[in-house]
Amino acid sequence: MIEVKNLTKRYGDHTAVDHLSFQVEEGQIYGFLGPNGAGKSTTMNMITGYIASTEGTVVINGHDILEEPEEAKKDIGYLPEQPPLYMDMTVIEYLRLAAELKKVPKKDRENMIADIMDTVQLTHMKDRLIKNLSKGYKQRTGLAQALMGYPEVIILDEPTVGLDPKQIIEIRDLIKSLSKKHTVILSSHILSEVSAVCDYVMIISHGHLVASDTPENLAKLMEGENTLELTIKGSRTEVEGMLNAIPEIAEKNFTSNENGLVQVNVKTEGNEDIREKIFYACAENQCPILRMENTHVSLEDIFLELTSQDNAAANNTGASSDAEAIQSLMDDDASEEPETQEEDNREGGQE
Ligand SMILES: Nc1ncnc2c1ncn2[C@@H]1O[C@H](COP(=O)(O)OP(=O)(O)OP(=O)(O)O)[C@@H](O)[C@H]1O
């Protein structure tokens, strides 16, 4: 459906997007996840033909976005980070303009506009001036514009930035419902958003695709080895001796040894379940197990591991340290704040 090959964008000697390749298949919600400045907007702008790539190709349903832009763009609806709204128009006037620009046949326009307003729950606001709408309704208007012409693919750049928590939930639900009829690609710097909404996650860092899979598979991939956290009653020597006798254990990491309790994390190389072996070994040596837990790897852990070198992200967000930048990625509320910050970045960054 969409095939991106070696997509690259350079601004002078800065490479914003570096040889990205991926494919998008029908009927799923894809999430582009990455810190501020990772290259998400640049990628989306290239996919939608807003800006030209320095290298590489984007082919949409067989049409190259640069060579056959009209055919390729027909299949795409785009809601950029800053929705292209005309503040002095009413919602309906704006949507009529959008329908005209999308070359929706005249006879179909009014029905399509009514249907789309219904889908995004905007009908009761149709005669309001856009400048008088709340941010949530402005976003719905932008979304309605993206849906005009019923394109197969909807591309949404940070669709919930700047919305209040209630509006965020409503827009996320709306996005999920859109996936029944459309393939959706959205970008976000917020992990919880991507894991709440997306079937497939592409993690981007410094313009590189560092991982792509379902949230569940990414977690499995990162687990790689089985990790068990244990608290065992006994001495460290006893526990170490017992664990040494279990050949499947590849690594042991003793984290504490106090008050007759040993805390240890053990890893196996394969996916073999060694819990029973540990149980019987401890029972035989009369060392009760007080706690045994499989370590859970969350999407957050993966994201941090894959993007922890992202010093540039810290610079771009204006955060004073990596830790701050990473914290902002993990913090849902951060979506409220960056609005002005991002605008600042943009003003400084855009050519
Ligand atoms: N027009 C431009 N001229 C120069 N540099 C640019 C331009 N647009 C983007 N950049 C730079 O390219 C990099 C990627 O920017 P991009 O906006 O794609 O990131 P992003 O992941 O979408 O982040 P954000 O969420 O902050 O928009 C950044 O370092 C940015 O400063």
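This is a predicted model: local features need pLDDT of at least 70, side-chain atom pairs count only at pLDDT 80 or more; totals for chains, interfaces and linings use all residues.
Two residues are taken to be in contact if their C-beta atoms, placed from the backbone, lie within 7 Å. On this criterion, Ile92, Leu95, Arg96 and Ala99 of helix α3 meet Arg109, Met112 and Ile113 of helix α4. By class, the residues of this contact of α3 with α4 comprise five nonpolar, no polar and two charged.

The protein contains 351 residues, of which 36% are buried. Its secondary structure amounts to 14 helices and 14 strands. Where contacts join residues at least 6 apart in sequence, 69% of them link residues at least 24 apart.

Two packed helices are described by the angle between their axes and the distance between the axes. For α3 and α4, the latter spanning residues 106–119, the axes come within 10 Å and cross at roughly 130°. The arrangement of α3 relative to α4 is therefore oblique. The crossing in which α3 passes α4 is right-handed.

Helix α3, which covers residues 91–101, also packs against helix α5, residues 135–147, at an angle of about 25° and with the axes 9 Å apart. Angles under 35 degrees count as roughly parallel, and α3 and α5 are therefore assigned to that category. As α3 passes α5, the crossing is right-handed. The contact is formed by Val91, Tyr94, Leu95 and Ala98 on the α3 side, which meet Thr141, Ala144 and Gln145 on the α5 side. In this contact of α3 with α5, five residues are nonpolar, two are polar and none is charged. Leu95 of α3 takes part in the contact with α5 and also in the contact with α4.

A further element of the model is an open sheet of four strands, arranged in the order β2-β1-β4-β5 with antiparallel pairing. Strands of a sheet pair through backbone hydrogen bonds, either parallel or antiparallel.

Along the sheet, β1 and β2 run antiparallel and are joined by seven bridges. Within this pair, Phe22 in β2 is the bridge partner of Val4. The two strands β1 and β2 form a hairpin with two residues between them, and Gly12 in the turn has a positive phi of about 60°. Strand β1 is also joined to β4, in an antiparallel manner, by five bridges. Here Ile2 stands opposite Ile60 in β4, and Glu3 stands opposite Val59 in β4. Strand β4, residues 55–60, is in turn connected to β5 by two bridges, and these strands run antiparallel. Val59, which faces Glu3, also stands opposite Asp64 in β5. Helix α1, residues 40–47, lies across β1 (2–11), β2 and β4, and runs at about 120° to β1.

Strands β4 and β5 form a hairpin with two residues between them, and Asn61 in the turn has a positive phi of about 45°. Because 14 C-beta neighbours lie inside 10 Å, Asn61 counts as partly exposed. When residues up to four places away in sequence are not counted, Asn61 touches Met1 and Asp75. Arg96 is itself among the α3 residues in the contact with α4.

Technical notes. Residues are numbered from 1 along each chain as its sequence is written. Axes are lines fitted to C-alpha atoms, for helices over the stretch in contact, and angles run from 0 to 180 degrees between N-to-C directions. Angles under 35 degrees count as roughly parallel, over 145 as roughly antiparallel, 65 to 115 as roughly perpendicular and the rest as oblique. A crossing is left-handed if the near helix is turned anticlockwise from the far one by less than a right angle, and right-handed if clockwise. Ala, Val, Leu, Ile, Met, Phe, Trp, Tyr, Cys and Pro count as nonpolar, Asp, Glu, Lys and Arg as charged, and the others, Gly among them, as polar. A residue is buried if 20 or more other C-beta atoms lie within 10 Å of its own, exposed if 12 or fewer, and partly exposed in between; C-beta atoms are placed from the backbone. Two strands pair if DSSP finds at least two bridges between them.
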